[in-house]
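Student: Please show me how to read the features of a model such as this one.
Tutor: Let us take them in turn, with the general idea before the case.

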Amino acid sequence: MIARLKAFGAFWYDFIVGDDWRVAVFVVAALAITFAVSKSSVPAWWILPAAVAVVLPWSLWRARRKR
């Protein structure tokens, strides 16, 4: 039972974090900011697309720089 729970946790960690934990942290932060802004009167729809527009080139730049 414990081995199955450990494998389940390892799967989700690898699925969410993947190769770069920084991108996962950025996405979680963007979701938290979107949630916080959605509770106000300001539209929050633009936050996640803006976060993707920032984190995707940054992640690609970092991957290319390592080569």
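Student: How does the span of helix H3 agree with its number of residues?
Tutor: The expected span of a helix is 1.5 Å times one less than its number of residues. Helix H3, residues 47-66, has 20 residues and should therefore span 28 Å; the C-alpha atoms at its ends lie 29 Å apart, which agrees. Helices (H or I, at least four residues) and strands (E, at least two) are DSSP runs, numbered from the N terminus. This is a predicted model, in which local features need pLDDT of at least 70 and side-chain atom pairs count only at pLDDT 80 or more, whereas totals for chains, interfaces and linings use all residues. Residues are numbered from 1 along each chain as its sequence is written, and side-chain values use heavy atoms, with hydrogens and water left out.

Student: Which residues of H3 are buried, and which are exposed?
Tutor: Buried means under 20% relative accessible area, exposed over 50%, and partly exposed in between (1.4 Å probe, protein chains only). In H3, the buried residues are Ile47, Ala51, Val55 and Arg62. They cover an arc of only 25 degrees around the axis, taken from the directions from the helix axis to the C-beta atoms, which puts them on the same side of H3. Ala53, Leu60 and Arg64 are exposed on the other side of H3.

Student: What do the buried residues of H3 pack against?
Tutor: They pack against helix H2 (21-38). Thr34 has its place in H2 and is buried, with a relative accessible area of 15%. Leaving aside residues up to four places away in sequence, Thr34 touches Ala44, Ile47 and Leu48; contact means heavy atoms within 4.5 Å.

Student: How many helices and strands does the protein have?
Tutor: The protein has three helices and zero strands, and from the N terminus its elements run α-α-α. Its radius of gyration, taken over C-alpha atoms, is 16 Å, well over the 11 Å that the globule rule (2.2 Å times the number of residues to the power 0.38) gives for 67 residues, so the protein is more spread out than a compact globule. The C-alpha trace spans about 45 × 35 × 10 Å along its principal axes. Of the 67 residues, 16% count as buried.
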